[in-house]
Amino acid sequence: MSMLTRRRSEARQTARDLAPKRPRTRRRSFWIGVAFASPFIVGFLGLFAYPILASGYYSFTDFNLFQSPDWVGLDNYEQMANDDVFWKSLANTLVLAVMGVPLTIAIALGGAHLLNTPIKGQPLYRAVIYLPSIIPIVVGGYLWRWLLNTQYGFVNYFLSWFGISGPSWLQEPDWTKPAIVLVVLWTVGGTMIIYLAALKDVPHELYEAASIDGAGPWRRFLNVTWPTVSPVTLFQVIVCLIAYLQIFTEPYVLAQERLNNISSGPDQSMLTYAMYLYQNAFVYLKMGYASAMAWVLFIVTLIVTLVVLASSKRWVHYGSK
Amino acid sequence: MKNSFFTTSRSRRLGVIAIATTAALALAGCSGGGDADGPTTLKFSYLWSGPEAEVLETIIDDFNDSQDEIVVKGVSSPDQQKQLTSMSSSNGSFDISDNFGENVGSWAAKGVLAPLDEYIESENIDIDDFAPAALEQMTHDGQTYALPIAVHSFQLLYNKTLLDEAGVEPPTTMDELADAVEKLTVTDDSGKISQIGIGDANTTTTLTTLGFAFGGSWSDENGPTPTDAGNIEAVDWWQKNVVDLVGADNLADFKAGEGQYLSAEDSFFSGKAAMIIDGEWRAASASEVAPDLDWGVTSIPAATPELENSTQVTSSTLFIPTNSKHKDEAAQFLAYLLSPEVMEKFSLTLGNLPARTSLLDSDAYGDLPNFEVWGDALTSPNAQSLSSAPYGAEYQTDLGNAFDDVVRGKSNAEKALDYVKSRSKSYTS
């Protein structure tokens, strides 16, 4: 034992003698702290940790919600590999993500530039752009069902001004995905507002310097704006991608049929992964299969996110580096 | 010392309060009401809403006034998911509820529904009076798990004006139907359909009904039989005589522009469809939505003389969940709802067929136009129902997708139904 440590332990001993009650008080205050944190702890354990672990267990069982689960090993995962509808739903979801994410980013960034221009009434425009984001998705979805209606819808009426005869958005398998993306893009205001905040953070001197160097608007965007907001773009891409991989409400509402029968649009073109998962869980009562699907989605999401993060080294620039 | 004791106990007290509050919050949803002395309170949760719920409430009031041992409280809760999940806990949230015939087997197999056989006996419910095709769906493993309060059958409705103009008589055979469809389908100069010979209320219902009409069967004791010869013939008939007649793309365009079901823009109500296969509820809504429409209804045309009066029967059912704490009282109320007078009042207001065949002759239904055609079909030996087996929901989804492929011209009858057959191997057993 070195001199130093001995001194330390002696000091500790002295401290203990001087204040014999302290450790107990500390332990007590720890438990009091836990008690006050208990709403969160109970909520986290009961509403997050337990369901997540339970779904992992159920994914290896045949479980119908009412009777006790039967262990079936990897059956659910094997069945998934051979289930055409599963693959179709995964493909539909990926197509939506590939269409939707770049469009969302482009429109949000473009719109943020417009909202950043110093013109009269700007706060009003910002509010209007954000408005659809606070409308419940189900309400918006029903609204869009009418807007997209072939006979009475305003979308096709609007297109007719330009001599375009609009498609049957919700009845033609090739047009249902653009329709879903359109409905999702309606709430692009949320993403746009985040970009607006990011744009306001771009140092003005950089634009000045670029202008002095003779850079036009496009150059300034490419060499100043884009790299500076790239960390925000990374965040937006990941959030948006996850949202698309889990997309449920918009296609569910757009595909809905009379009496709320199970429906997935013409040629199952609106059947997203989350919708098929929901059907298995709550219509067919195949909770085991649905749990397995949820875990596969989790892994797919994780992989996609990691790929995006890995790629970010090439295109995301942090100011500090 | 006194001071420190005081502080500790106060913190401890606060801690206890915090834990207790959390526990109370967590448990708030789980508490059930205790039974006081006096009448038993029964909760009747039903999927009906709006005017239908209002009729039901008057029936509940009548029951409550008729005796003083049971008080029924009705709750309109038109949410099947909620209904199903609330039956998974040990403490039931309702004692009696309603659903549809095709779900009985699936729910019974999962242990959700209480068997009714002993109550049918104790309450003297005359089971033989009920429409046989509807009763088939009510049993699972030899026990009865639900009883129908209203039933539905499907028939061929036609627009008299359009048939007269085209000089077509209401068809009685499938060949005549094919002929009528051809004569009644009108396309404009650009080839677009302006009037369709036969519309389609719901492809799955229309084609499964036609399957029965061609002598097919959608399942047997071993499970789904989508590739039964009659089924293939029926789907093939529809493809040749309805889809190919105008072309799948053209038909899809027409369907895309159809108005909402049973609204004034509904293609049958607006005169854009000359015929349609649909249930008796259309009679009630026709008088409201399209009072000027001159329409008639006839049996579904027969493919062969033995298949006359073929139809599909579906039903609205009542059941008692396994987790009800008052099954005996619920059975008493169930028997009341199924008694002839109450059933008549209920089905009449909804424009539905009564589940008791003895009521079919009642004069009360005389005001509903053409009601007898649907009613008579209930007692027909060719009235059939889809199986209510546990795999029902998955089977109907796959059939729907297969029919959709045929109607879109992406597949043919045999290929599409073969696909369903291959899917059926992964069904819940």
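Q: What covers the buried residues of helix 12 of chain B?
A: The cover over the buried residues of helix 12 of chain B includes strand 6 (147–159), strand 11 (273–279), strand 12 (295–298) and helix 15 (371–377), which belong to chain B as well. Please keep in mind throughout that this is a predicted model.

Q: Which residues of helix 12 (residues 281–289) of chain B are the buried ones?
A: They are B:Arg282, B:Ala283, B:Ala284, B:Ser285 and B:Ala286.

Q: How should I picture chain B as a whole, and what are its secondary structure and its span along the principal axes?
A: Its secondary structure comes to 17 helices and 15 strands, and the C-alpha trace spans about 105 × 50 × 45 Å along its principal axes. Of the 429 residues in chain B, 53% count as buried, while the chain exposes about 18700 Å², with carbon and sulfur atoms supplying 48% of that area. If one takes the contacts in chain B between residues at least 6 apart in sequence, 74% of them join residues at least 24 apart.

Q: How many positive and negative side chains does chain B have, and how far apart do the centres of the two sets lie?
A: Chain B carries 25 positive and 66 negative side chains, and the centres of these two sets lie 17 Å apart.

Q: How is the size of an interface often given?
A: The general idea is to quote the accessible area that is lost when the parts come together. The case here begins with the domain assignment of chain B, which gives domain 1 (40–152 + 313–384) and domain 2 (154–312 + 389–426). The C-alpha centres of these two domains of chain B lie 29 Å apart, and the area buried between them is about 1900 Å², of which carbon and sulfur atoms give 60%. On the side of domain 1 of chain B, B:Trp374, B:Asn382 and B:Gln384 supply 35% of the area buried against domain 2 of chain B, more than any other three residues. Counted by residues, the contact joins 22 from domain 1 of chain B with 27 from domain 2 of chain B.

Q: Into which domains is chain A divided?
A: Chain A is divided into domain 1 (14–58) and domain 2 (76–315). In chain A the C-alpha centres of the two domains lie 40 Å apart, and the contact takes four residues from domain 1 of chain A and four residues from domain 2 of chain A. The area buried between these domains of chain A is about 310 Å², with 55% given by carbon and sulfur atoms.

Q: Is B:Trp238 buried or exposed?
A: The idea is to compare the relative accessible area with a cut-off, and buried means under 20%. B:Trp238, which has its place in helix 10 (residues 229–246) of chain B, has a relative accessibility of 2% and therefore counts as buried. Leaving aside neighbours within four places in sequence, B:Trp238 is in contact with residues that include B:Ile198, B:Leu207, B:Leu210 and B:Val407.

Q: Is B:Ile120 buried or exposed?
A: B:Ile120, found in helix 5 (residues 117–122) of chain B, has a relative accessible area of 12% and so is buried. Beyond neighbours within four places in sequence, B:Ile120 is in contact with B:Ile125, B:Ile127, B:Thr144 and B:Leu147. B:Ile120 and B:Ala335 are 215 residues apart in sequence, yet their C-alpha atoms are 8.0 Å apart in space.

Q: Which helix of chain A holds A:Asp174, and is A:Asp174 buried or exposed?
A: A:Asp174 is found in helix 8 (residues 173–185) of chain A, and with a relative accessible area of 67% A:Asp174 is exposed. A:Thr176 also lies in helix 8 of chain A, but at 0% relative accessibility A:Thr176 counts as buried. Not counting residues up to four places away in sequence, A:Thr176 touches A:Trp169, A:Leu170, A:Pro266, A:Ser269 and A:Met270.

Note on methods
Residues numbered from 1 in each chain as written. Chains lettered and ligands numbered in written order. Predicted model: local features only at pLDDT ≥ 70, side-chain atom pairs only at ≥ 80, totals over all residues. Heavy atoms only, no water. Helix = DSSP H or I, 4+ residues; strand = E, 2+ residues; numbered from the N terminus. Buried < 20%, exposed > 50% of the residue type's maximum accessible area, 1.4 Å probe, protein only. Contact = heavy atoms within 4.5 Å. Areas by Shrake-Rupley, 256 points an atom, 1.4 Å probe, with all protein chains shown as cover. Lys, Arg positive; Asp, Glu negative; His and termini not counted. Charge placed at Lys NZ, Arg CZ, Asp CG, Glu CD. Domains from an automatic or database assignment. Buried area = accessible area lost by both parts, 1.4 Å probe.
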